[in-house]
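Colleague: I'd like to learn how to read a few features off a model like this one. Can we go through it piece by piece?

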Amino acid sequence: MPMILSTPRLSEPSFLSYARVGIVSTQRKKTAIFCSSHRLKGNGLQSGCVLHRKENLSRRFLLFVLVSSGLSPTLPSSGKTKSKNPYDEKRLLEQNKRRQKENNAPEDFPNFIREGFEVKVVTSEDYRKSDSGLIYRDYEVGKGDCPKAGQQVTFHYIGYNESGRRIDSTYLQGAPARIRMGTNAVVPGFEEGIRAMRPGGKRRIIIPPELGPPVGPSTFFSSKQFEVFDIELLSIQNCQRRTIAFYSDVVCN
């Protein structure tokens, strides 16, 4: 980043400008000595002295222009824009694939090329992307109607992180999950993915951070990452509110 001085004063140059100022001052001293020792030796040498003085003034003027316009040299440690290297992207992709293989990720699992806060999702052509940013693939479509707000859905799921490591599974828990649609019981990306499914359908969804859970010290998730879920929708139940005396609940069947 070029250095910018608030006032272009040669008496307070930038760090690297000290070397140039030293050269100019040394040259000025040499010029003065040269002129004083040869002042009486003829008009020709006297003209040479004037020429050296003009050259000295030209260098001082050039230094003034460089400092005042912000074009003076910068330190080697100054910030530089990092150019993207295709070999780095290939290396990050291979690194992600290697981690997924170590974590026994399922077949056709998406790859994630993460560099800082920038993430590129690499999938096969069978995946689709919605307007919200949700990425999904249907392995089985299922039959019947899709769930509506207020209905209860029963489903199995397996959750993975970007490295293909399994983070949760209802199969291992031994019981399916149940939620009511439209009650914000799950993260937005998960409900959007299951909303377009039919009973008996199997789908893989890739939830971007903006459709995922909140992050921070008070939550389970400490960083914004993509999440992958394999979902199997088992059934859809209608629900109705039941009130008995002062007690009220929702019954789904």
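Colleague: Let's start with side chains: with which side chain does the side chain of Thr 170 make a polar contact?

Modeller: First, some ground rules. This is a predicted model, where local features need pLDDT of at least 70, side-chain atom pairs count only at pLDDT 80 or more, and totals for chains, interfaces and linings use all residues. Residues are numbered from 1 along each chain as its sequence is written, and side-chain values use heavy atoms, with hydrogens and water left out. A polar contact is a pair of N or O atoms within 3.5 Å; within protein, one must be able to donate a hydrogen and the other to accept it, and residues adjacent in sequence count only if both atoms are side-chain atoms. Here, the side chain of Thr 170 pairs with that of His 156 at 2.8 Å. A polar atom of the Thr 170 side chain also sits 2.9 Å from the backbone nitrogen of Tyr 157.

Colleague: Is Thr 170 buried or exposed?

Modeller: Buried means under 20% relative accessible area, exposed over 50%, and partly exposed in between (1.4 Å probe, protein chains only). Thr 170 counts as buried because its relative accessibility is 1%. Helices (H or I, at least four residues) and strands (E, at least two) are DSSP runs numbered from the N terminus, and Thr 170 lies in helix α4, residues 170–173. For contacts, the rule is heavy atoms within 4.5 Å. Not counting residues up to four places away in sequence, Thr 170 touches several residues, including Phe 155, His 156 and Tyr 157.

Colleague: What about Asp 230: which side chain does its side chain make a polar contact with?

Modeller: That of Arg 204, at 2.6 Å. Asp 230 is found in strand β9 (residues 227–237) and counts as buried because its relative accessibility is 17%. Beyond four places in sequence, its contacts include Pro 106, Tyr 160 and Arg 203.

Colleague: And where is Pro 106 found?

Modeller: In the loop between α3 (86–102) and β1 (111–115). Pro 106 counts as partly exposed because its relative accessibility is 23%. Its C-alpha atom is 9.9 Å from that of Asp 230, 124 residues apart along the chain.

Colleague: What is the mean pLDDT of the protein?

Modeller: pLDDT is the predictor's confidence in each residue, from 0 to 100. The mean is 74, and 62% of the residues reach 70 or more. Over residues 1–52 the pLDDT is below 50, and this stretch has 45 contacts in the model beyond near neighbours in sequence. Residues 218–222 also stay under 50, with six contacts beyond four places in sequence. Where pLDDT is low, the predicted coordinates should not be read in detail.
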